Amino acid sequence: MFEMMLGALKAAGYEAYLVGGSVRNMLMGLPAGDYDICTSALPDQIKAVFKDCRIIDTGIKHGTVTVIRDGTPFEITTFRGESGYADHRHPGKVEFGCSLYEDLLRRDFTMNAVCFDGERFIDPLGGRKDIDDGVIRAVGDPGKRFAEDALRILRGLRFASVLGFCIDPATADAMHACRNDLEYVSPERIWSEFRKAYSGKHFGDVYLAHFDIFAACIPHAIRERSIFACRNDALDALDRLKADSRSKHLAEIYFTAPDFCAAELLYSYGRSDAEFLCRLRGREKELSEIIGSGIPYSVSMLEFDGNDAKALGLTGKNVGRLLDALLKSAMNGETENKKSELTKKAVDILRSF
């Protein structure tokens, strides 16, 4: 799909490249994720090229529009230079009309500054080697990068947690030196990055190695893998960071129900959050055994779906109610995850509807 987007811009006479996380993931053999495109076209020219698509002015002041094609969003940004980061977050001045190379120089890390034109990779800053070596390295002067935008510090730690990459020593030194600039970052953005970081498999090691950075922006943080000393500290911190209710509930579970049921966590919160809590409690083996056993923990894993429920005469919310009841039965080992057995169980459940 992204090839069509690049092709449309090129056919109109503009340069266009896939850039950022989608290229990094492509090189790592991971799903692309979000698609970011950089181009020599100005925002109005981008809109003209994709006039038949839905367009959102995501960040028009900074040259970014989101084009939605066949349900897939593409964030397309004009080549730009930036200067004057007075608030350690946003550029005071944005200039269009620069080259691709100049545009790449403003980016956070080399691994996110590799481009793909649909046929070949463009990598003037050595990002591919850093990806191959598993290194997170700031573009150019790391101190300058983090002084421009302090959120990049947490982004770097998040990448280390999720990808398992090590942080280049000069980049790490600059992160620690600039950590107090995180006070300029909104609580919502801090929480967003922290939330993604603690879902990473390498979070514990990253957190302990860079505790002073986390302590500068996470209230009540302690140098322990539990992050907080007690329930009250955790909930106060999450309130101040404007965290979501789901995360607050996970904190409640961790501090008040240490003997939580791993299977129930999978069912209620999904694999990522269940893995996080089990890692904190040293119960990874228990969870991996449940996952490896093939026991279903989400409706999508059942050998019985919504169409089967409708064939039994159900409609609307009752379809979901039945599937939820079947999932609980299969998780508890009461019913084998086979269509014939689930259908029999469904008939029994329907008698109580």
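This report covers the fold, cores, pockets, cavity and selected loop residues of a predicted model.

## Basis and overall make-up

Residues are numbered from 1 along each chain as its sequence is written. The model is predicted, with local features requiring pLDDT of at least 70 and side-chain atom pairs pLDDT 80 or more, while totals for chains, interfaces and linings use all residues; side-chain values rest on heavy atoms, with hydrogens and water left out.

The protein has 19 helices and 11 strands, where helices (H or I, at least four residues) and strands (E, at least two) are DSSP runs numbered from the N terminus. Its C-alpha trace spans about 70 × 50 × 35 Å along the principal axes. Of the 353 residues, 46% are buried; buried means under 20% relative accessible area, exposed over 50%, and partly exposed in between (1.4 Å probe, protein chains only). Among contacts (heavy atoms within 4.5 Å) with a separation of 6 or more, 58% join residues 24 or more positions apart.

## Nonpolar cores

A nonpolar core is a set of buried Ala, Val, Leu, Ile, Met, Phe, Trp, Tyr and Cys residues joined through side-chain atoms within 4.5 Å. The largest one holds 75 residues, and F203 and I218 touch the most other members. Leaving aside residues up to four places away in sequence, F203 touches S161, F194, A197, Y198, F214, I227 and F276. A second, separate core has 18 residues, including F2, M5, I46 and C53.

## Helix 1

Helix 1 runs over residues 2-11, and F2, M5, L6 and L9 are buried in it. These four lie on the same side of helix 1 because they cover an arc of only 95 degrees around the axis, the arc being that of the directions from the helix axis to the C-beta atoms. An α-helix has 3.6 residues a turn, so residues three or four places apart point the same way. Just after helix 1, G13 has a positive phi of about 95 degrees.

## Pockets

Pockets and cavities are found on a 1 Å grid over the protein atoms alone: a cavity is a set of points where a 1.4 Å probe fits but cannot get out, a pocket is an open set with protein on both sides within 12 Å along at least five of seven lines, and lining residues have an atom within 4 Å of a point. Grid points are joined across faces, edges and corners, and a volume is the space filled by probe spheres set on the points. The largest pocket contains about 1500 Å³ of space. It is lined by 41 residues, of which D36, E75, D108, R155 and R189 are the closest to its centre. Elements giving two or more residues to this lining include strand 2 (35-39), strand 5 (72-78) and helix 9 (187-198), and helix 7 gives the most, with seven residues. By class, the lining of the largest pocket divides into 11 nonpolar, 13 polar and 17 charged residues; Ala, Val, Leu, Ile, Met, Phe, Trp, Tyr, Cys and Pro count as nonpolar, Asp, Glu, Lys and Arg as charged, and the others, Gly among them, as polar.

The second largest pocket contains about 150 Å³. K201, R271, E275, C278, R279, E284, L287, S288 and I291 line it, and helix 15 (271-280) and helix 16 (284-293) each give two or more residues. Its lining has three nonpolar, one polar and five charged residues.

## Cavity

There is one cavity of 30 Å³ or more. The largest cavity has about 160 Å³ of space, and of its 16 lining residues the closest to the centre are I227, F228, S247, A251 and F276. Helix 13 supplies the largest share of the lining, five residues; helix 9, helix 12 (231-240) and helix 15 each supply at least two. The lining of the largest cavity has 14 nonpolar, two polar and no charged residues.

I227, which lines the largest cavity and touches F203, lies in the loop between helix 11 (211-215) and helix 12. Its phi is near 75 degrees, a positive value in a residue other than glycine. I227 counts as buried because its relative accessibility is 4%. I222 lies in the loop between helix 11 and helix 12, and counts as partly exposed at 25% relative accessibility. Apart from residues up to four places away in sequence, I222 touches Y207, F211, I227, F228 and A229.

D70 also has a positive phi, near 50 degrees. It sits in the loop between strand 4 (64-69) and strand 5, and its relative accessibility of 67% makes D70 exposed.
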